[in-house]
Amino acid sequence: ITNWVKGQLGEVAVRKFLKREFGLEVELDFDIYADIVPQDIIGIVQNGKMRKLKVGVGIKSSKPKSAYLVLGENEIKRPERKSDIYIYCRPDIPDDHLLRLTKELVVKAVKNKPHFSKYKDLLPGFDNISCEIAGWCRPEELQEVKDIPGQSFDNGTRFVIQSGRLHRSRDDWKRLIKLL
């Protein structure tokens, strides 16, 4: 669940980022699929109408301190999964996010229990979650590796790029927008 929530938060953060910084309104795909998920951004809204993208865009999320965008072999080697552009995000989702999301239900369930008054104010609320949009890359900029510092991949290889090597300047984002 946590990985799914991170992914969804990353997609929403990219949508907000593109709108706020460049006035670009994108349409995301939040449908659930039995097989292969299509691209994460499915269109651009222009003059009140949605048009399809010229390139496929995948949005990938990881932990705030992850120094690498890491993609599995399937995401690169299977044509139906591969994207033309990968955007890397790092949502800062708290470990207790499920408790925060369900706080009202938890309070309702335990409000009449002994000692509730002592710990009710300790239950965390749901606040805004920050998300760094680290940058973007093309698949050919990824390296196929069997490990990265601090992590080995036992079952095959991964395709990675250090977050510091991603395209992230304002001009880089403008170039990406022209591709869309």
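The salt-bridge count in this predicted model comes to 10. A salt bridge here is a side-chain nitrogen of Lys or Arg within 4 Å of a carboxyl oxygen of Asp or Glu. The model is predicted, so local features need pLDDT of at least 70 and side-chain atom pairs count only at pLDDT 80 or more, while totals for chains, interfaces and linings use all residues. Residues are numbered from 1 along each chain as its sequence is written, and side-chain values use heavy atoms, with hydrogens and water left out.

**Salt bridges**

| Pair | N to O distance |
|---|---|
| Arg20 and Glu21 | 2.9 Å |
| Glu144 and Lys77 | 3.3 Å |
| Asp172 and Arg175 | 2.8 Å |

Glu144 lies in strand S8 and Lys77 in helix H2 (residues 73-77), so this pair ties together parts that are 67 residues apart in sequence. Glu144 is partly exposed at 43%. Lys77 is partly exposed too, at 49%.

Arg20 is exposed, with 59% relative accessibility. Glu21 is partly exposed at 31%. Both belong to a network of salt bridges that also links Arg170.

Asp172 and Arg175 are three residues apart in helix H6, which means about one helical turn separates them. Asp172 is buried, with a relative accessible area of 13%. Arg175 is partly exposed at 40%.

**Helix H6**

Helices (H or I, at least four residues) and strands (E, at least two) are DSSP runs, numbered from the N terminus. H6 covers residues 170-179, and its buried residues are Asp172, Trp173 and Leu176. Seen down the axis of H6, these fall within an arc of 95°, so they line one face of the helix. The arc is taken from the directions from the helix axis to the C-beta atoms. Asp171 and Lys178 are exposed on the other side of H6.

What do the buried residues of H6 pack against? Their partners are helix H1 (2-22), strand S6 (85-91) and strand S7 (131-137). Contact means heavy atoms within 4.5 Å.

**A buried charge without a salt bridge**

Asp29 sits in the loop between strand S1 (25-28) and strand S2 (41-46). Asp29 is buried, yet has no salt bridge. The nearest side chain of opposite charge is Lys52, 9.5 Å away. For charge, Lys and Arg count as positive and Asp and Glu as negative; His and the chain ends are not counted. Leaving aside neighbours within four places in sequence, Asp29 is in contact with Glu11, Pro38, Gln39, Asp40 and Ile42.

**A three-stranded sheet**

Three strands form an open sheet in the order S5-S11-S8, with antiparallel pairing. Strand S5 (68-72) and strand S8 (143-145) stand at the edges, each with a single partner strand, so one side of each is left without a neighbour in the sheet. The twist averages 35° from one strand to the next. Axes are lines fitted to C-alpha atoms, for helices over the stretch in contact, and angles run from 0 to 180 degrees between N-to-C directions.

Two strands pair if DSSP finds at least two bridges between them. S5 and strand S11 (residues 158-162) pair over five bridges. Val70 has Val160 in S11 as its bridge partner.

Pro64 and Ala67 are both found in the loop between S4 and S5. Pro64 is partly exposed at 36%. Pro64 and Pro91 are 27 residues apart in sequence and 6.1 Å apart in space, C-alpha to C-alpha. Not counting residues up to four places away, Pro64 touches Arg90, Pro91 and Asp92.

Ala67 is partly exposed, with 41% relative accessibility. Arg90 is 23 residues from Ala67 in sequence and 9.8 Å away in space, C-alpha to C-alpha. Beyond its neighbours within four places, Ala67 is in contact with Arg90, Ile161, Gln162 and Ser163.

**A positive phi**

Asn47 has a positive phi of about 55° although it is not a glycine. Its place is in the loop between S2 and strand S3 (49-51). Asn47 is exposed at 83%.

**Overall**

The protein has six helices and 11 strands. Of its 180 residues, 37% count as buried. Among contacts between residues at least 6 apart in sequence, 65% join residues at least 24 apart.

Technical notes
Buried < 20%, exposed > 50% of the residue type's maximum accessible area, 1.4 Å probe, protein only.
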